[in-house]
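User: Walk me through this model. I want each label set against its cut-off.

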Amino acid sequence: MQQHLAKLSRYHRWATEKLFESVSLLSDEQYRQDAGLFFGSVHGTLNHLLLVDQLWHARIEGIPYPVTDLSHEIESNAKALETALLAQCNTWFQTCATVTERRLSKAIEYRNIAGQKAEINLDDLLIHVFNHGTHHRGQISAVLVEHGVPVPEMDYYYFVLASRR
């Protein structure tokens, strides 16, 4: 499982880089306008991804990450947000590359944003993180299409092909 998760973390980084290649083609107005996404704009959705990735990682590390709103803006600058998201992808890779099989099957106990106790096994949490990224990259892809911006192939299949080169 550890090797699989490490590969998924590499995919997560690769797909995020591909997404930013297209996001960079948006005007600032297109990037920030409400596109009807759950977190409003492309920027709001990318910011949400960073916030939630940091929140989950803090939970894994047992570090408090006080947040009560999953749309709280933590980075207003688009380039800084891209840099932070890609750095977080690297953090996920380091986590997945070094975690033991035994640790993966153990539960992470935390409090959700409503303050309720919760738990999830680390392997399920990591799968969730990477799936969550895929979900929101898909939403952003739809907005890119609406603006006539070419969207790269970000399916896992294309990552596998690119990895063979």
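User: What are the ground rules for the values?

Analyst: This is a predicted model, with local features needing pLDDT of at least 70 and side-chain atom pairs counting only at pLDDT 80 or more, while totals for chains, interfaces and linings use all residues. Residues are numbered from 1 along each chain as its sequence is written, and side-chain values use heavy atoms, leaving out hydrogens and water.

User: Which residues are on the covered face of β1, and which on the uncovered one?

Analyst: I108 and Y110 are on the covered face. A107, E109 and R111 make up the uncovered one.

User: Why is the pair of W56 and Y110 called edge-to-face?

Analyst: Rings of Phe, Tyr and Trp (its six-membered ring) pair if their centres lie within 6.5 Å; planes under 30 degrees apart are stacked, over 60 edge-to-face, the rest tilted. The centres of W56 and Y110 are 5.2 Å apart and the planes stand at 80°, so the pair is edge-to-face. W56 lies in α3 (residues 42-61) and Y110 in β1 (residues 107-111), so the contact ties together parts 54 residues apart in sequence. The whole structure holds 9 aromatic pairs. Elsewhere, Y11, W14, Y156 and F159 form one aromatic cluster.

User: How do you know that R59 lies over the face of W56?

Analyst: A charge sits over a ring if NZ of Lys or CZ of Arg is within 6 Å of the ring centre and within 35 degrees of the ring normal. R59 lies over the face of W56, at 4.6 Å from the ring centre.

User: What does H48 touch, leaving aside neighbours within four places in sequence?

Analyst: Contact means heavy atoms within 4.5 Å. H48 is in contact with F39, L70, H132 and H136.

User: What makes a set of residues a nonpolar core?

Analyst: The members are buried Ala, Val, Leu, Ile, Met, Phe, Trp, Tyr and Cys residues joined through side-chain atoms within 4.5 Å. The largest core has 22 residues, and V23, V42 and L46 have the most contacts inside it. Its largest share, 6 residues, comes from α1. A second, separate core of 20 residues includes L8, W92, L104 and L122.

User: How does the span of α6 compare with the expected one?

Analyst: The expected span is 1.5 Å times one less than the number of residues. Helix α6 (residues 122-146) has 25 residues and reaches 37 Å from first C-alpha to last, close to the expected 36 Å. Just after α6, G148 takes a positive phi of about 75°.

Key. Helices (H or I, at least four residues) and strands (E, at least two) are DSSP runs, numbered from the N terminus. Buried means under 20% relative accessible area, exposed over 50%, partly exposed in between (1.4 Å probe, protein chains only).
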